[in-house]
Amino acid sequence: MTDSEKLDLILSKMDQMESRMDQMEAKMDRMESDIRNIELTIENEIRANIRQVAEGHLNLSKKLHEALKAGAENEMLSIRVNVLESEMRRVKEHLQIA
């Protein structure tokens with residue numbers, strides 16, 4: 001193989017390497033674009049959706065707390081009515097005896 005053929009072969013290999021490098025750069029550019037799109041999706045859509053879910057959960061938690069509070073108040077009123085009924089029975093019994 002002559003020196004000229006060797007140089008031609010080296011040049012051919014270099015051209016192939018350059019072509020492959022261009023392809024790799026194009027793929028890397030697409031990957032960077034995909035990553036940017038993913039980051040934007042996370043920032044604009046997923047974060048907003050998580051915020052809405054969290055706000056909804058907070059509202060449900062508040063409503064549950066209010067419902068439990070109302071239930072506790074009803075329970076206390078029921079106990080108070082039972083005590084008053086018992087006292088009233090005793091008063092009636094006392095008045096009937098006297």
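How many positive and how many negative side chains does the chain have, and how far apart do the centres of the two sets lie? The chain has 15 positive and 20 negative side chains, with the centres of the two sets 13 Å apart. Lys and Arg count as positive and Asp and Glu as negative, while His and the chain ends are not counted; each charge is placed at NZ of Lys, CZ of Arg, CG of Asp or CD of Glu.

The model is predicted: local features need pLDDT of at least 70 and side-chain atom pairs count only at pLDDT 80 or more, whereas totals for chains, interfaces and linings use all residues. Residues are numbered from 1 along each chain as its sequence is written, and side-chain values use heavy atoms, with hydrogens and water left out.

**Overall form**
- The chain has one helix and zero strands (DSSP runs numbered from the N terminus: H or I of at least four residues for helices, E of at least two for strands).
- The chain is more spread out than a compact globule, because its radius of gyration is 41 Å, well over the 13 Å that the globule rule gives for 98 residues (taken over C-alpha atoms; the rule is 2.2 Å times the number of residues to the power 0.38).
- Along the principal axes, the C-alpha atoms fill a box of roughly 140 × 25 × 5 Å.

**Exposure**
- Of the 98 residues, 0% count as buried (buried is under 20% relative accessible area, exposed over 50%, partly exposed in between, with a 1.4 Å probe and protein chains only).
- The chain exposes about 9500 Å², of which carbon and sulfur atoms supply 59% (Shrake-Rupley method, 1.4 Å probe; for residues, only the protein chains shown count as cover).

**Surface patches**
- Leu 7, Ile 10, Met 14 and Met 17 make a nonpolar surface patch of about 440 Å² (patch residues have over 30% relative accessible area and no salt bridge; nonpolar side chains, namely Val, Leu, Ile, Met, Phe, Trp and Tyr, are joined within 5 Å and like charges within 9 Å).
- A salt bridge is a side-chain nitrogen of Lys or Arg within 4 Å of a carboxyl oxygen of Asp or Glu.
- Met 14 lies in helix 1 (residues 3–97) and is partly exposed at 47% relative accessible area.
- A surface patch of negative charge gathers Asp 15, Glu 18, Asp 22, Glu 25, Asp 29 and Glu 32; Asp 29 is in helix 1.

**Residues along the helix**
- Ile 35 lies in helix 1 and, at 45% relative accessibility, is partly exposed.
- Ile 35 and Glu 85 are 50 residues apart in sequence and 72 Å apart in space, C-alpha to C-alpha.
- Glu 75, also in helix 1, is exposed at 52% relative accessible area.
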